[in-house]
Amino acid sequence: TPYHDQASLRGVGCDCLGLARGVWREVVGDEPFPIPPYSRDWGETGPREVLAEGARRMMPETMPAEAGPGTLVLFRMAPRAIAKHVGILTAHDRFIHAYERLGVVEEILTPTWARKIAFAFLFPNNAASQGVISPFLTGCIRRTYAAIFSFMAGVMPPMPMLGRSLL
């Protein structure tokens, strides 16, 4: 799925939040509230963690250190900035996200990426697993994986430092 700012349609386009929204619709159902317009500024500062607050309204929170496959993670991309980037863990050492110019990609969760994780949330009905149980053992995680991979129309050759493009 190519990158498209503020979009959330599989095969058409999405940004990082749009990827999570699309997975939500496939795993859980309709979105519980409309998403207001938002800026792409990863360095934005402010008194509120708006993205985390929104996620808390509909998803159980877990500790980032306990996050496992299928967990939604929010990244703080700059010191003192609010968390503005979204990814979904596909393994303990890999995640997918939508990246400008590349679209939906899967990357290695390097120490640099891992340090930027500020918040972690479980898709509903996934709270009992705490992100640790194998994704093939619980229906919600299996549906999460199916939804994640449905955003991947094909695989391009590996790209240095950027992981695999899954456009």
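## The main core

Let's start inside the fold: the largest nonpolar core has 22 residues, and those with the most contacts inside it are L72, L74, V86, F121 and F123. A nonpolar core here is a set of buried Ala, Val, Leu, Ile, Met, Phe, Trp, Tyr and Cys residues joined through side-chain atoms within 4.5 Å. Buried means under 20% relative accessible area, exposed means over 50%, and partly exposed lies in between (1.4 Å probe, protein chains only). At least two residues of this core come from each of α1 (16-27), α2 (50-56), β4 (72-75), β5 (85-91), β6 (94-99) and β8 (117-121). The largest share, 7 residues, is supplied by α1. In soluble globular proteins, nonpolar side chains tend to be buried together.

Leaving aside neighbours within four places in sequence, L72 is in contact (heavy atoms within 4.5 Å) with A20, M59, V86, G87, I88, F119, A120, F121 and F123. There is also a second, separate core of 10 residues, which includes V73, F75, W113 and I117.

## About the model

This is a predicted model, in which local features need pLDDT of at least 70 and side-chain atom pairs count only at pLDDT 80 or more, while totals for chains, interfaces and linings use all residues. Residues are numbered from 1 along each chain as its sequence is written, and side-chain values use heavy atoms, with hydrogens and water left out.

## The whole chain

The chain has 4 helices and 9 strands. Helices (H or I, at least four residues) and strands (E, at least two) are DSSP runs, numbered from the N terminus. Read from that end, the elements follow the order β-β-α-α-β-β-β-β-β-α-β-α-β.

Of the 167 residues, 46% count as buried. Among contacts between residues at least 6 apart in sequence, 58% join residues at least 24 apart. The accessible surface comes to about 8,400 Å², with 61% of it belonging to carbon and sulfur atoms; such areas come from the Shrake-Rupley method with a 1.4 Å probe, and for residues only the protein chains shown count as cover.

## Helix α1

With 12 residues, α1 reaches 17 Å from its first C-alpha to its last, close to the 16 Å expected at 1.5 Å a residue. That expected span is 1.5 Å times one less than the number of residues. The helix is mostly covered, as 10 of its 12 residues are buried, including L17, A20 and W24.

At the start of α1, a side-chain oxygen of D15 reaches to within 3.3 Å of the backbone nitrogen of L17. Just after the helix, G29 takes a positive phi of about 135 degrees.

Strand β5 has 6 of its 7 residues buried. It pairs with β4 in the antiparallel sense over 4 bridges, and two strands count as paired if DSSP finds at least two bridges between them. F75 has H85 in β5 as its bridge partner.

β5 also pairs with β6, again in the antiparallel sense, over 3 bridges. Here L89 has F95 in β6 as its bridge partner. A hairpin of 2 residues joins β5 to β6.

Most residues other than glycine have a negative phi. R80, which is not a glycine, has a positive phi of about 65 degrees. R80 sits in the loop between β4 and β5 and is exposed, with a relative accessible area of 74%.

R101, also a residue other than glycine, has a positive phi near 75 degrees. R101 lies in the loop between β6 and β7 (103-108), and at 77% relative accessibility R101 counts as exposed.

Notes
A polar contact is a pair of N or O atoms within 3.5 Å; within protein, one must be able to donate a hydrogen and the other to accept it, and residues adjacent in sequence count only if both atoms are side-chain atoms.
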